[in-house]
Amino acid sequence: MKFTKQDLLTLLIGLFLFASCKNPDGVGLDVDPATAITGTLVVSPVKSQLVKEDAANTNGLNRYPLGYMVDPVFGKTEAALALTVYPVSTSYDFGTSPVLDSAVLVLKIDTTSTLTKFYGDTINSKYSIDVYQLANKVTTYKSSDVQAINNTLLGNFTGKLAPNTKRKISVIVPGKADTLKTVPAQIRIPLNKAFIQNAILNLGTAGTATEAKFIESFKGLYAQINKTSSTGVGGIAFLNFSGTDSYLQLVWKKTNSSSGVDTTSVNFPVGKMVLNAAQTANVISGVAANIKHDYSGTPVQTQIDVPTPTDPTQQYNVTYLQGLAGVKTKLTFPALTSFTNTYGKAIINKAELVVELGESAPAYPFNAAQRLSLYRWDIAQQAADIPDYATFSSSASGGAALFGGYFDSLKKRYIFIVTSYVQSLIDKNVEDYGTFLAPTSYTDFQRAPSATSAERSIIGASNATANKIKLNIYYTKIN
């Protein structure tokens, strides 16, 4: 056989490329020629362990969960809300001999993102929402805190939820005909008229003399799912209290000296915008979420129950991620501590954490989480940013999106760029006290535990033969 110079050159290049691949697991990865990284590729092992989340702080959230769902893998999840109602103004005057016509609790469904305003089933499930009076004003905000309530039912909504549908409501205009107004998607829950008459209207201006006095008297409302009356697998709605679209609407008749009896209405706000502790942004106060998870009899519970003293390093083919302060996955990188001994001193050109789904096709209504967070623990076991996230999020071009974590629905995976983090771990400039994966809101990256996302994912774990978590490291050896 006769070789030309071009044939020989092609053969030598092919042999060089083949010899540079340390691990055949990395073969076949898609590479964009415009962003190709030179250097040797090694696929470093990643171990995983399922961990239950701590309770989340639900004070000052940009949206709040309400609902109940039954997932065959993740069990039962329930989210209820304690709601502080504020007077529309101090010393508010209901007029002479006011008589309540109606009282409606209006809860606006969040519309900041079409992807995450609702998680679960809106087609087949029926939701029954009960409302009670709080026994005490809201003072605690952990998702595990139990809010005491008075057991007299004040109101109920039963029906399907339509998070994508605007609706028309009647607006009371004193002295004129009512008008119709189109409003964002909302849940409207009629409340007991006798209770509201006695608890608010009959107090007069003295009852609303100050905000604190009104709250001390009225306490607030508590909304939770009636699991007996609800049907289907259910879901979690996310509600927005930052504007004027969530409120307690009061419609009443009062005696007017000139025209006799007038019908009028007022909206008492639910939640209040205040400056956060850092005095840097306005956040919602006076609303708290109570979140419960029941994993009994599920594969999630099986993994939560390990490690045991006899089997502390049990590995599985899949692991789990769930929002609403559910479960997260702790990652460890066992080969990085000896990377220099194995491969020599190196510069990391690029490192990417590839997280693939461990199920073939997540189906409605429990679709894969649209975004994951990746963060680490510091020495005090407090959540801290991965160095790469801090770098990308401060960048003017692309921002935090370059860090990754968004779901690729075609390839069914998530990818994070962790170059700086891996270099720091190899060089032992950063101690790995724990690295964690968890779902986060699509529009708002949060270090877990998060109460603003109910999504979940089943991802490939350490023992999977395919779709395992992989750490792809492109490096150049230096002297």
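**Aromatic pairs and their surroundings**

Author: The count comes to 21 aromatic pairs, where rings of Phe, Tyr and Trp (its six-membered ring) pair if their centres lie within 6.5 Å. This is a predicted model, in which local features need pLDDT of at least 70 and side-chain atom pairs count only at pLDDT 80 or more, while totals for chains, interfaces and linings use all residues. Residues are numbered from 1 along each chain as its sequence is written, and side-chain values use heavy atoms, with hydrogens and water left out.

Reader: How is a pair of aromatic rings described?

Author: A pair is described by the distance of the centres and the angle of the planes. Planes under 30 degrees apart count as stacked, over 60 as edge-to-face and the rest as tilted. The rings of Phe339 and Tyr475 have centres 5.5 Å apart and planes at 85 degrees, so this pair is edge-to-face. The pair links distant parts of the chain, with Phe339 in helix α6 (residues 339-343) and Tyr475 in strand β27, 136 residues apart. Helices (H or I, at least four residues) and strands (E, at least two) are DSSP runs, numbered from the N terminus.

Reader: Are Phe339 and Tyr475 buried or exposed?

Author: Buried means under 20% relative accessible area, exposed over 50%, and partly exposed in between (1.4 Å probe, protein chains only). Phe339 has a relative accessible area of 2% and is therefore buried; Tyr475, at 5%, also counts as buried.

Reader: Which class does the pair of Trp377 and Phe436 belong to?

Author: The rings of Trp377 and Phe436 have their centres 4.7 Å apart and their planes at 55 degrees, so the pair is tilted. Trp377 belongs to strand β22 (residues 372-377) and Phe436 to strand β25 (residues 435-439), 59 residues apart. Trp377 is buried at 18% relative accessibility, and Phe436 is buried at 1%. The charged end of Lys328 sits over the ring of Phe436, 4.4 Å from its centre; the rule requires NZ of Lys or CZ of Arg within 6 Å of the ring centre and within 35 degrees of the ring normal. By this rule, the charged end of Lys227 sits over the ring of Tyr68, 5.7 Å from its centre.

Reader: Which residues do ring pairs link into a cluster?

Author: The cluster consists of Tyr92, Phe94, Phe195, Phe214, Phe218, Trp252 and Phe268.

Reader: What does Gln197 touch, and where is Gln197 found?

Author: Contact means heavy atoms within 4.5 Å. Gln197 is found in helix α2 (residues 193-199) and is buried, with a relative accessible area of 15%. Not counting residues up to four places away in sequence, Gln197 touches Pro98, Val99, Leu100 and Asn202. A polar atom of the Gln197 side chain lies 3.1 Å from the backbone oxygen of Pro98.

Reader: How many helices and strands does the protein have?

Author: The secondary structure comes to eight helices and 27 strands. Of the 479 residues, 48% count as buried.

How values were computed: Polar contact = N/O pair within 3.5 Å; in protein donor to acceptor, adjacent residues only side chain to side chain.
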